[in-house]
Amino acid sequence: MGDIARSWWLLLLRGLAAILFGFLALIWPGITLFVLVIFFGAYALVSGVFELFAGFRHGARSRAWLIISGIIGILIGIATFVWPAITSLALLYLVAFWAIVTGVLEIVAGIQLRKVIDKEWMLIVGGILSAIFGVLLLIWPGAGLLSLVWLVGVFAILHGIAEIALALRVKNFTPGVGIP
């Protein structure tokens, strides 16, 4: 757990990146498909790099979910840059599956960490929001990419807030004492 406390700033940066991405998506609702692909690709890539970096800094107990989630984020980020002419439906499915996988991995991590820290629900809430967001996109694909901009923006802001809350909780962790 001390490893997580030492890299609290990675969670904070990830949360700030999510909030920035969310506000950009809401400020420009008429965003073109190309710009949305670039924003999403950049966010997924940066988030994946931070998760991967954090995964290599953590102990064996919490390492796997961070590394897997980081690799998935990096691969999805790269895929969006390699194929910028991706269709709106393909982007919708890409975002949906990424959100579901990331959410499930965060829920699993939160459950595993519940024996180590208090208030692990913050990580679980972020994971649940991510998974619900992905499922909603799969249920209503016909809503179109413009609607997706608003959903992505709100999701990113809420998920970013959950990440920042978690970062601030683990920042003051003292090994052997737990998080108050």
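The legends below describe close-up views of a predicted model.

**View A. Lining of the second largest cavity.** At least two lining residues each come from helix H3 (33-57), helix H5 (88-113) and helix H7 (144-171).

**View B. Aromatic rings, including those of Phe 133 and Phe 155.** A search of the whole structure finds 6 aromatic pairs. One of them joins Phe 133 and Phe 155 in a stacked arrangement, with 4.6 Å from centre to centre and 5° between the planes. Phe 133 belongs to helix H6 (residues 121-139) and Phe 155 to helix H7, so the pair ties together parts that are 22 residues apart in sequence. Both Phe 133 and Phe 155 are buried.

**View C. Helix H2 and its buried residues.** Helix H2 (residues 8-27) has 20 residues and reaches 29 Å from its first C-alpha to its last, which is close to the 28 Å expected at 1.5 Å a residue. The buried residues of H2 include Trp 8, Leu 10, Leu 11, Leu 12, Arg 14 and Gly 15, and Ala 18, Ile 19, Phe 21, Gly 22, Ala 25 and Leu 26 are likewise buried.

**View D. The salt-bridge network around Arg 14.** The structure holds 3 salt bridges. Arg 14 forms a salt bridge with Glu 51, the closest N and O atoms being 3.1 Å apart, and this pair links helix H2 with helix H3 across 37 residues. Because its relative accessibility is 4%, Arg 14 counts as buried, and Glu 51 counts as buried at 3%. The side chains of Arg 14 and Glu 106 also meet in a salt bridge (2.9 Å, N to O), with Glu 106 in helix H5, 92 residues apart from Arg 14. Glu 163 and Arg 14 meet in a salt bridge as well (3.6 Å, N to O), and here Glu 163 lies in helix H7, 149 residues apart from Arg 14 in helix H2. Through shared partners, the salt bridges join Arg 14, Glu 51, Glu 106 and Glu 163 into one network.

Key: Residues numbered from 1 in each chain as written. Predicted model: local features only at pLDDT ≥ 70, side-chain atom pairs only at ≥ 80, totals over all residues. Heavy atoms only, no water. Helix = DSSP H or I, 4+ residues; strand = E, 2+ residues; numbered from the N terminus. Expected span 1.5 Å × (residues − 1). Buried < 20%, exposed > 50% of the residue type's maximum accessible area, 1.4 Å probe, protein only. Phe/Tyr/Trp six-rings, centres within 6.5 Å; stacked < 30°, edge-to-face > 60°. Salt bridge = Lys/Arg side-chain N within 4 Å of Asp/Glu carboxyl O.
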